[in-house]
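Here is a quick tour for anyone meeting this structure for the first time. Take a look at it, and then we'll go through some of its parts.

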Amino acid sequence: LDPATGKAVRFHHDEADPTSLGSDSVMTVYTDSQGQTWVGTWGGGLDLVQRDGDRVTFVHNRHDAFDPSSLSADIIWTLYEDRSGILWAGTINGGLSKLNPEMQRFSLYRNHPDDPTSLGFDVIGSFYEDPQGGLWVGTWGGGLNFFDRTTGKFTHYVNDPADPASLIENTVSGMFDDGRGHLW
């Protein structure tokens, strides 16, 4: 939507056009601190919007099973840019992809059942960066995870029926800082 003219332009996936939108199922749109717009899709991966005058094209980032530095999955549920400029992509069943804009490649974090310090679950619902720079990751089944950037390890906060002070549920689809030091 162009606010100046009130005109709307619809973008869609076109099999015949490799620069079209990756999928018609758009899950999230995010504009980073550099003014770049990213589109997370259901099945089409992560697209970077490129503008050249009135022409708009999409650069695709997709999962490639043979490339460990590719996107971890093609279903992107949520996006977040941290204070250092790292773009985090939360996927459905692919865990967490981290894009360092200087390197233009992805790092991957996934759940490994035999490693209690890995990501708690491979479906990501939300992100929050605390005032100290700590990254909190909400999962859909693995509770709330805290990522220690120094060690690359996750601490899990999950529901424990025997502990009334634990999380009430292991699905965390959103987080909010109330400005008084409480994370909801």
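## A tryptophan to start with

W77 counts as partly exposed, because its relative accessibility is 27% (buried means under 20% relative accessible area, exposed over 50%, partly exposed in between, with a 1.4 Å probe and protein chains only). Keep in mind that this is a predicted model, where local features need pLDDT of at least 70, side-chain atom pairs count only at pLDDT 80 or more, and totals for chains, interfaces and linings use all residues. Numbering runs from 1 along each chain as its sequence is written, and side-chain values use heavy atoms, leaving out hydrogens and water.

## Rings that pair up

There are eleven aromatic pairs in the structure (rings of Phe, Tyr and Trp, the last by its six-membered ring, with centres within 6.5 Å; planes under 30 degrees apart are stacked, over 60 edge-to-face, the rest tilted). W77 and W140 make an edge-to-face pair, 5.2 Å centre to centre with 70° between the planes. W77 sits in strand β5 (residues 76–81) and W140 in the loop between β10 and β11, so their pair ties together parts 63 residues apart in sequence. Strands here are DSSP runs of E, at least two residues long, numbered from the N terminus. W140 is partly exposed too, at 35%.

W136 and Y157 form a tilted pair: 5.7 Å centre to centre, 40° between the planes. This one links W136 in strand β10 with Y157 in strand β12, 21 residues apart. W136 is buried at 16% relative accessibility, while Y157 is partly exposed at 39%. Elsewhere, ring pairs link W88, Y109, F147 and F154 into a cluster.

## The sheet behind them

An open sheet of four strands runs in the order β9-β10-β11-β12, with antiparallel pairing (two strands pair if DSSP finds at least two bridges between them). Its edge strands are β9 (124–129) and β12 (153–157), each pairing on one side only. Strands β10 (residues 135–139) and β11 (residues 144–148) pair over four bridges, and W136 stands opposite F146 in β11.

## What lines the pockets?

The largest pocket is lined by 19 residues, with L1, V9, F11, R51 and V56 nearest its centre. (On a 1 Å grid over the protein atoms alone, a pocket is an open set of points where a 1.4 Å probe fits, with protein on both sides within 12 Å along at least five of seven lines; lining residues have an atom within 4 Å of a point.) β1 (26–31), β2 (37–41), β3 (46–52) and β4 (55–61) are the elements giving two or more residues to that lining.

The second largest pocket has 18 lining residues, of which Q36, W38, L99, P101 and Q104 lie nearest its centre. Here β4 and β8 (105–109) are the elements that give two or more residues.
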